[in-house]
Amino acid sequence: MSLTKTEIVENLVKIGFNRKKAVQMLENLLEIIKRDLENGEDVLISGFGKFSIKNKKERRGRNPATGDDLILGKRKVITFNCSSVLRERFNK
């Protein structure tokens with residue numbers, strides 16, 4: 001099961017934030033992350049991990065429905081690398 005934005009807000013409410021403030025904080029945090037990624041900057045959250053943009057080159061692909069060959073264009077993808085602290089926490 002995935003953790004949703006609503007569940008994150010509920011957890012913030014449980015630790016003492018009012019619901020409106022919790023929603024606003026979460027939305028603002030996500031907007032900051034999106035803005036920095038759009039500007040080509042990495043987002044490093046110490047103890048958690050790093051979000052970054054990677055450029056993918058044009059490459060040959062195949063349409064799985066028809067089997068036809070095609071060319072996949074250049075694109076950017078967002079990657080996440082977890083911190084060693086987070087990795088160690090789950091590999092005890």
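Two exercises with worked solutions follow.

This is a predicted model, in which local features need pLDDT of at least 70, side-chain atom pairs count only at pLDDT 80 or more, and totals for chains, interfaces and linings use all residues. Residues are numbered from 1 along each chain as its sequence is written, and side-chain values use heavy atoms, with hydrogens and water left out.

**Exercise 1.** Determine how helices H1 and H2 are oriented to each other.

Solution. 
Step 1. The axes of H1 (residues 5-14) and H2 (residues 19-38) come within 9 Å and cross at roughly 130 degrees.
Step 2. The two helices are therefore oblique to each other (under 35 degrees is roughly parallel, over 145 roughly antiparallel, 65 to 115 roughly perpendicular, the rest oblique).
Step 3. Contact means heavy atoms within 4.5 Å; residues of H1 that meet H2 include Ile8, Leu12 and Val13.
Step 4. By class, this contact of H1 with H2 has nine nonpolar, no polar and four charged residues.

**Exercise 2.** Describe the lining of the largest pocket.

Solution. 
Step 1. Among the residues that line the largest pocket are Leu3, Asn11, Ile45, Phe48 and Phe51.
Step 2. H2 gives the most to this lining, with five residues.
Step 3. The lining divides into 11 nonpolar, one polar and no charged residues.

Notes
Axes are lines fitted to C-alpha atoms, for helices over the stretch in contact, and angles run from 0 to 180 degrees between N-to-C directions. Helices (H or I, at least four residues) and strands (E, at least two) are DSSP runs, numbered from the N terminus. Ala, Val, Leu, Ile, Met, Phe, Trp, Tyr, Cys and Pro count as nonpolar, Asp, Glu, Lys and Arg as charged, and the others, Gly among them, as polar. On a 1 Å grid over the protein atoms alone, a cavity is a set of points where a 1.4 Å probe fits but cannot get out, and a pocket is an open set with protein on both sides within 12 Å along at least five of seven lines; lining residues have an atom within 4 Å of a point.
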